[in-house]
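Please look over the sequence and the structure below before reading on. The paragraphs that follow take up one part after another.

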Protein chains: 2
Amino acid sequence: MMPTSFHRRWGAGIDGNADEGSPAIVLSGGYEDDEDHGDVIIYTGAGGNDPNTGQQIADQTWENPGNAGLIKDMNDGLPVRVTRGYKHKSPLSPSEGYTYAGLYGVEDAWQEKGRSGYVICRYRLIYMGDGESEIPEAQTELDYGKKKKRLSEGTVVRIVRDTKISRAIKKLYKYRCQVCGISIVAKSTPYAEGAHIKPIGRPHDGDDSTDNILCLCPNHHVMLDKGAFSIANNFTLIGCLDGKLIVNPKHIINPHNLEYHRESHGFN
Amino acid sequence: MMPTSFHRRWGAGIDGNADEGSPAIVLSGGYEDDEDHGDVIIYTGAGGNDPNTGQQIADQTWENPGNAGLIKDMNDGLPVRVTRGYKHKSPLSPSEGYTYAGLYGVEDAWQEKGRSGYVICRYRLIYMGDGESEIPEAQTELDYGKKKKRLSEGTVVRIVRDTKISRAIKKLYKYRCQVCGISIVAKSTPYAEGAHIKPIGRPHDGDDSTDNILCLCPNHHVMLDKGAFSIANNFTLIGCLDGKLIVNPKHIINPHNLEYHRESHGFN
């Protein structure tokens, strides 16, 4: 049976705050930039729209409580209960009323210019299961994986993927981080991560090519992905870090990718 | 059609080295400690057994080329082609000859005492798809996830899971790493990871309880998981780190979990 109490403020779109996270969202049709691909949803944050017309009239910010809550969800792996409303433009929407869509994980957050011309906060949400039997304590019992294996050990916070191309970059830097120069070594084998500057997932569609990949330690990879710092075209670090990116002369980095990253995280 | 050239040295069990990784293994029945659960395989490393009788007569080491190659696979997310032989004790084994089992990712590596009493190297392998259409370049085209979605962006290197319990620990430490004291902050929200001392996955079966969880930055989480350092019962750091773990008086850590971690990574 569909729970009736899991979203307390139907009108607000996002119910949450920076301390507790945002436990639920509604795809209400209120934001023209939302994209619904079923198991992947590109969701627009809250704020900046006229309460009467729904039109975007100002920039959205990360300080909005609902938006900050979704960042908290991403950082802590808290699942978000998603509901589709009849006004939301998607073949998956109900013809009337609201239907529970399932639990989603927040995999990415960035900013971009919306159709209105104003800056909007954006999130990529990934379907994690219906969590039906466990609402509202579903975060430890999610369906994930082809055999609907229950991850009783918890939600997925971060998936690090690696590609053939990124291994070439890691080899070039001898697995040393291009920000701090360290290399993690365990059992005589070095470890580093290939970090895409312009993310390769939908909707960014960055290239999996050496001009879009950095060799980073896990800490600086997390910080790049979450936009704690960015990189100027002359490789100066901006945001919470000082200094310059270490760049091997053989490693050509595309300035458009750096620009995209700065734009996504409010550094331009 | 099954490829015939993907494993060059049938007798050796693992074909590989620390620089290139180990691209293929055979479950040949040669190691009494192997466990085959289908999509999860607990695999025993190479070395230390009598070539004639197959009996374990010495400790296995990470320096063995095949074993080192599997560590490289884990660190770089290189998939391993697995083959089952007729002598391997599993309902999934063929009655004669060898069958290709699919591509697996190396998710974990540790040491333990085998049934023989000698130290063995152990790996947890997770099924990632058959990669049939792409052998031998399969690493960018793996099946993963319930809808057999192709991860064209690359293999999975590391999945960070989080639990309700670990969020309590992260809150207690205000998202500061218990090794280095730093906290990663992005978009005004702190980020840390809950790290299980005794891993919660099969076959370790550590508890998802506060006495088994540390609040760590991604770098020290990777290093703990890979056994680059361990922790004495008095919280002194051992291995590649100096100093002491930061422990809040409210945080009771079970010394048996620390002991298990030291044992798994050769620190006792």
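In which loop of chain A does A:Y175 lie? The model shown here is a predicted one, and in it A:Y175 sits in the loop between α2 and β9 (184–186) of chain A. Most residues other than glycine have a negative phi. A:Y175, however, has a phi near 65 degrees, a positive value in a residue other than glycine. Because 20 C-beta neighbours lie inside 10 Å of A:Y175, this residue counts as buried. A:K174, which follows α2(A), also has a positive phi, in this case near 50 degrees.

Helix α2 of chain A spans residues 164–172, and its buried residues are A:S166, A:R167, A:I169 and A:K170. These four cover an arc of only 160 degrees around the axis, and therefore they lie on the same side of α2(A). An α-helix has 3.6 residues a turn, so residues three or four places apart point the same way.

In the contact between them, eight residues come from domain 1 of chain A and six residues from domain 2 of chain A. On the side of domain 1 of chain A that touches domain 2 of chain A, β4 (40–44) and β6 (98–113) of chain A each supply at least two residues, and the largest share of that side, four residues, is provided by β6(A). Divided by class, the residues of this side of domain 1 of chain A are three nonpolar, one polar and four charged.

A residue of another strand leads from chain A to chain B. A:I159 belongs to strand β8 (residues 155–162) of chain A, and because 16 other C-beta atoms lie within 10 Å, A:I159 is partly exposed. If its neighbours within four places in sequence are left aside, A:I159 is in contact with B:V156 and B:I159. Within chain A, A:I159 and A:E107 are 52 residues apart in sequence, while their C-alpha atoms are 8.7 Å apart in space.

The two chains can also be followed through a pair of helices. Two packed helices are described by the angle between their axes and the distance between the axes. For helix α3 (residues 218–225) of chain A and helix α3 (residues 218–225) of chain B, the axes come within 6 Å and cross at roughly 140 degrees, which means that α3(A) is oblique to α3(B). A:P218, A:N219 and A:V222 of α3(A) make this contact with B:P218, B:N219 and B:V222 of α3(B). By class, the contact of α3(A) with α3(B) has four nonpolar, two polar and no charged residues.

B:F235 is in the loop between β15 (229–231) and β16 (237–239) of chain B, and its phi is near 75 degrees, a positive value in a residue other than glycine. Because B:F235 has 15 C-beta neighbours inside 10 Å, it counts as partly exposed. B:H256, in helix α4 (residues 255–264) of chain B, is likewise partly exposed, with 14 other C-beta atoms within 10 Å. B:H256 and B:N64 are 192 residues apart in sequence and 29 Å apart in space, C-alpha to C-alpha.

Technical notes. Residues numbered from 1 in each chain as written. Chains lettered and ligands numbered in written order. Predicted model: local features only at pLDDT ≥ 70, side-chain atom pairs only at ≥ 80, totals over all residues. Axes fitted to C-alpha atoms, helices over the stretch in contact; angles between N-to-C directions. Parallel < 35°, antiparallel > 145°, perpendicular 65-115°, else oblique. Contact = placed C-beta atoms within 7 Å. Nonpolar A, V, L, I, M, F, W, Y, C, P; charged D, E, K, R; others polar. Buried ≥ 20, exposed ≤ 12 C-beta atoms within 10 Å, placed from the backbone. Arc of directions from axis to C-beta.
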